[in-house]
Amino acid sequence: MQDADIPEIDIDELERRRAAGAAVFDVREPDEYAEVRIPGAVLVPLASVPEAVEEFRTAAAVQAVCVVCAVGGRSGQAVGFLRSLGVDAVNVAGGTNAWHQSGRPVETGPASA
């Protein structure tokens, strides 16, 4: 069950927000990210989110910030943490799995430098 204080969007809304320039942060582990990811998603593993708060804050100052994981649990944790620090971020329900299963485009392989 999703915490009421954590705003959540579905993959259709994510697609609209990406088209409008939203930042997408992926909080899965590097091996999951390399296997399949939403194009353009920036890898910040969940354990690294506290050290990356300024990266999220900077992104949120100029664009929507959407956070994904595999299905929405880890990203929900990240969004709750970020919002507690005043960073405007939303969780993506269904995460990367829902995106991939919907037939939308994905990327694979290690992150490009």
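Tutor: The model is a predicted one. We may start at the end of a helix: α1 is followed by Gly21, and the phi of Gly21 is positive, near 100°.

Student: At the start of α1, which residue's side-chain oxygen reaches the backbone nitrogen of Asp12?

Tutor: The contact is made at the start of α1, where the backbone nitrogen of Asp12 is approached by a side-chain oxygen to within 3.2 Å. The residue that supplies this oxygen is Asp10.

Student: Which residue meets the side chain of Asp12 in a salt bridge, and how many residues apart in sequence are the parts tied together?

Tutor: The side chain of Asp12 forms a salt bridge with that of Arg104, at 2.5 Å from N to O. Asp12 belongs to helix α1 (residues 11–19) and Arg104 to the segment after α5 (95–101), so the pair ties together parts whose separation in sequence is 92 residues.

Student: Over the face of which residue does Arg104 lie?

Tutor: Arg104 is placed at 5.3 Å from a ring centre. The residue whose face it lies over is Trp99.

Student: Within helix α1, how many residues apart are Glu13 and Arg16?

Tutor: The side chains of Glu13 and Arg16 meet in a salt bridge, at 2.9 Å from N to O. Glu13 is partly exposed at 22% relative accessible area, whereas Arg16 is exposed at 52%. Both lie in helix α1, and their spacing is about one turn of the helix, namely three residues.

Student: Which residue forms a salt bridge with Glu32, and what ties do the two make in sequence?

Tutor: The partner of Glu32 is Arg74, with the closest N and O atoms 2.9 Å apart. Glu32 lies in helix α2 (residues 30–35) and Arg74 in helix α4, so the pair ties together parts that are 42 residues apart in sequence.

Student: How do Glu32 and Arg74 count by relative accessibility?

Tutor: Glu32 has 22% relative accessibility and counts as partly exposed. Arg74, at 24%, also counts as partly exposed.

Student: Which residues of helix α3 are buried, and why do they line one face of the helix?

Tutor: In α3 (residues 53–62), the buried residues are Val53, Phe56 and Ala59. Viewed down the axis of α3, its buried residues fall within an arc of 130°, so they line one face of the helix. The face turned away from this buried side carries the exposed residues Thr58, Ala61 and Val62. What covers the buried residues of α3 includes β2 (23–26), β4 (65–68) and α4 (73–84).

Student: How many aromatic pairs does a search of the whole structure find, and why is the pair tilted?

Tutor: The search of the whole structure finds one aromatic pair. The rings are those of Phe25 and Phe56, with centres 4.3 Å apart and planes at 40°, so the pair is tilted.

Student: How many residues apart in sequence are the parts tied together by Phe25 and Phe56?

Tutor: Phe25 is buried, with a relative accessible area of 3%, and Phe56 is buried as well, with 0%. Phe25 lies in strand β2 and Phe56 in helix α3, so the parts that the pair ties together are separated in sequence by 31 residues.

Student: Which backbone oxygens does the side chain of Arg37 reach?

Tutor: Arg37 lies in the loop between α2 and β3 (42–43) and is buried, with a relative accessible area of 5%. Its side chain reaches the backbone oxygen of Pro110 at 3.5 Å and, at 2.5 Å, that of Gly109.

Student: What separates the C-alpha atoms of Glu107 and Ala41?

Tutor: Glu107 lies in the segment after α5 and is partly exposed, with a relative accessible area of 32%. Not counting residues up to four places away in sequence, Glu107 touches Val36, Arg37, Ile38, Pro39 and Gly40. Glu107 and Ala41 are 66 residues apart along the chain, and their C-alpha atoms are separated by 9.2 Å.

Note on methods: Residues numbered from 1 in each chain as written. Predicted model: local features only at pLDDT ≥ 70, side-chain atom pairs only at ≥ 80, totals over all residues. Heavy atoms only, no water. Buried < 20%, exposed > 50% of the residue type's maximum accessible area, 1.4 Å probe, protein only. Helix = DSSP H or I, 4+ residues; strand = E, 2+ residues; numbered from the N terminus. Arc of directions from axis to C-beta. Contact = heavy atoms within 4.5 Å. Phe/Tyr/Trp six-rings, centres within 6.5 Å; stacked < 30°, edge-to-face > 60°. Lys NZ or Arg CZ within 6 Å of the ring centre and 35° of its normal. Salt bridge = Lys/Arg side-chain N within 4 Å of Asp/Glu carboxyl O. Polar contact = N/O pair within 3.5 Å; in protein donor to acceptor, adjacent residues only side chain to side chain.
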